[in-house]
Amino acid sequence: MDASTTSAQGTSRRGFLTMLAMAPLAGAALSACGTSGPSSSGGGGGGDGAASMWYLSGQPNEKIKTDNLKAWGDANPDSTISVDFFQNDAYKTKIKTAIGAGQAPTFIYSWGGGTLASYAAAGQVLDLTSWFDDATLKGSVLESTYKAGTVDGKIYAYPNENAALILFYYNKKLFKQVGAEPPTTYDELLALVDTFKGAGIAPIALAGQSRWTSMMWLEYFFDRVGGPEVFDAIFAGTADAWSNPDALKALQMVQDLVKAGGFITGFESITADSNADQALLYTDKTAMMLHGSWVYSGIKNDAADFVADGNLGWFAFPPITGGKGDPKNVAGNPAQYMSVSSKATQAQQDIAKAYFTDTTNGIMSETVIDAYVASGQVCIASGIEDKIAASEDKDFLQFAYSAVQDAPSFVQSWDQALSPSTAEALLSNIDQLFSLSITPQQFADNMNATIGQ
Amino acid sequence: MTTTAATRTAASRAPAGGASEHRSVKTGSVAWMAIPAVAFFVLFGAVPLIGTLVLSFTQWDGIGAIQWLGGGNWVSIMTDPVMYKALGLTFGIMIFSWLVQTPISLLLGVFTAGTQKYRAFLAVLYFLPLLMSAAAISIAYKALLDPNFGLAASLGIPFLIQNWLGDPTLVLFVVIFVLSWMYVPFHSLLYQGGVQQIPRSMYEAASIDGAGTVRQFFSITLPQLKYTIITSSTLMVVGSMTAFDLIFVLTGGGPGNSTRVLALDMYLRGFRANQMGPASAIAVLIVLIGLGLALFLRRLGGKDANSSQMEGL
């Protein structure tokens, strides 16, 4: 081989190597841009119906929605709505990607708040304000639920389904075993942690890997210690709002609870999507769990006997000594929010409007409301006190319904209220806070840096 | 093979002056055959890569309009301790994965290259993990390692009841273990193929000279596998740079940031926090580092990588 051949060989080798090395990398970058989470038939705005919807998988609501859309399709054969189901965490990512790519379904399901505001700012969802000139439609659900679906005074989503307040569940069997009563103050709750640990029972179940589960604890600690003003200041973007002394105290209390062994061993690796945290409660492995009101119907579905035998108890987050928050304040999601894509055709918009207003087969039809109540969820339809009183779950529903109605302040879930980028920073820092890898002060500093971004 | 073809093309274009007309025609037809591969590479490799590079200089939330930003994303990435932690973790996983996977794959590959029937049978069992997707493996391990409902708790083996995925230190080794479990079969397959390429006559000559099995392994098998080792190591190293799916499902980057590797950091920034700019900057960084490492490993093969190892045979 002469010299020129050797040098040419070197070049070509590098060229080949470049291809070899870059192909998988670029492939990874590409696949990250594509679908994430379980993909299903029909994606995008298409599907085989005249309009399309993406919805969360998981019973009982998956079945309720399936039945509802089937009834709608049977009554309106020219205006059918196709539906695809996704797991909660996967959905949140997929819907954002689809909207960004202009492939959103007709109906955009969300939790309102900051995420909805980012859709509205990008002009991706329709301004539905004029639809709610119809007093019947406007009055069909509780008035207070519109707040999280409204951006700059315009209604971008119809609040529907159920309110989800966060409350404590407890295993009555285990409480009886150690002779304990539900705590009425946070100090009593701390004492219970020791009692249960002494009896070899894990005190509290927590699906820490899902992160928003840990966030529910912070929402209540912030509220009970400093009142709703602390988060209101954060939400309003006040500088250094996270280093409010009450906020720091609340953050410290969380870490103290982790250090005291309040949460079950391995909570950092438990995910909520698999309902493993709920299973811990009804398989008598843990005594308590702080979770959303939707869990009641989930446990009823997964462990019917446990609920039927009266082993499932519940109580509100107890007051903290010296705290400023009203113990009646609740945190959670005021409702679910259904928006309409601005990419929807006029025909699809008409279908959406009809689906919202139809009380026989529509989104909040009598059948659907009955189904929500029957499954033990806190439906936000107005004037359903009679239905609740007649329900077999009336103990739980009346507790939850009155908690929502009587709450002086309803804190919307932080990750939904805040903008998506702040919410991700928040969840990431909460994860580190609960795994004790950052101090409360570091948490506050990290989060202060996100204010005003 | 591709190298040889490319070499010939390059050689024929070089101003050597001696290339015959006949040879040019022949190499032309060979280059034509690369068009489908090149087209795929440009479409799915080069174009997205350039798109990512452009995005790294913009501000985009994935939903609204894309705005030009300049070097802002790069400054924020390069001053972010989270990125450096992710980079460190990525290299940690890379090095440990290589240290664990290479010896095991090499030995398994040599073992399964044997002609005995039972070895062929065992090889089938060893290669089973190849049939499973990373997500399925993650979900299975997650269930097995669950401290409350997992294998150890069900069988009541106290030693195995550890906070495998919840302890910030332990979790890293669990990730390396599961990654190794998943990828060792693939690399064993590479080594098995490599060993089967070594001429029998070398071993026959060695045994006549009185070399035992161990001596044969170190004096014949290992040197002959030089390029297989380089190929396998390149795949491991570049693969570690982009390790995402398994870790995402197994730990989601947690607890805290203790398994938030670079590829996961990129995903979380881009698709969870809606910050496509910084995420793209990290993606470009991954490409650059991966490319550098791959070139470095290639250099280890020596200047005359294409020279024969079988002189005299």
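**A closer look, starting from one residue**

Tutor: A:Gly452 is found in the segment that follows helix H20 (440–448) of chain A, where helices (H or I, at least four residues) and strands (E, at least two) are DSSP runs numbered from the N terminus. The model is predicted, and local features need pLDDT of at least 70 while side-chain atom pairs count only at pLDDT 80 or more, although totals for chains, interfaces and linings use all residues. Residues are numbered from 1 along each chain as its sequence is written, and chains are lettered from A and ligands numbered from 1 in the order in which they are written.

Is A:Gly452 buried or exposed? A:Gly452 counts as exposed because it has 9 C-beta neighbours inside 10 Å; a residue is buried with 20 or more other C-beta atoms within 10 Å of its own, exposed with 12 or fewer, and partly exposed in between, the C-beta atoms being placed from the backbone. Its C-alpha atom is separated by 9.9 Å from that of A:Ile234, a residue 218 residues apart from it along the chain.

Two residues are in contact if their C-beta atoms, placed from the backbone, lie within 7 Å, and among the contacts in chain A with a separation of 6 or more, 78% are between residues 24 or more positions apart.

The domain assignment, whose bounds come from an automatic or database source, divides chain A into domain 1 (51–161 + 335–382) and domain 2 (164–331 + 412–448). Taken over C-alpha atoms, the centres of these two domains of chain A are 29 Å apart, and 16 residues of domain 1 are in contact with 16 residues of domain 2. On the side of domain 1 of chain A that touches domain 2, helix H3 (88–100) and helix H4 (113–121) each supply at least two residues, and H4(A) gives the most, with 4 residues. That side divides into 4 nonpolar, 11 polar and 1 charged residues, where Ala, Val, Leu, Ile, Met, Phe, Trp, Tyr, Cys and Pro count as nonpolar, Asp, Glu, Lys and Arg as charged, and the others, Gly among them, as polar.

Two residues of chain A deserve attention for their backbone angles. Most residues other than glycine have a negative phi. A:Glu161, in the loop between strand E6 (158–160) and strand E7 (162–171) of chain A, has a positive phi of about 60° although it is not a glycine, and A:Glu161 is buried, with 27 other C-beta atoms within 10 Å. A:Asn275, in the loop between helix H10 (245–259) and helix H11 (276–282) of chain A, also has a positive phi, near 60°, but A:Asn275 is partly exposed, with 18 other C-beta atoms within 10 Å.

Strand E1 (residues 51–56) of chain A is largely enclosed by the rest of the structure, because 5 of its 6 residues are buried. E1(A) runs parallel to strand E2 (residues 81–86) of chain A, to which 6 bridges join it; strands pair if DSSP finds at least two bridges between them. A:Tyr55 has A:Phe85 of E2(A) as its bridge partner. Together with helix H2 (residues 61–75) of chain A, E1(A) and E2(A) make a right-handed β-α-β unit, right-handed meaning that, with the strands pointing away from the viewer, the path from the first strand over the helix to the second runs clockwise.

The largest nonpolar core has 184 residues, and those with the most contacts inside it are A:Leu165, A:Phe221, A:Ala250, A:Val254, B:Val261 and B:Ile282; such a core is a set of buried Ala, Val, Leu, Ile, Met, Phe, Trp, Tyr and Cys residues joined through C-beta atoms within 7 Å. Its largest share, 10 residues, comes from helix H15 (residues 276–300) of chain B. Leaving aside residues up to four places away in sequence, A:Phe221 touches A:Ala250, A:Met253 and A:Val254.

Chain B itself comes to 15 helices and 2 strands, and buried residues make up 34% of its 313 residues.
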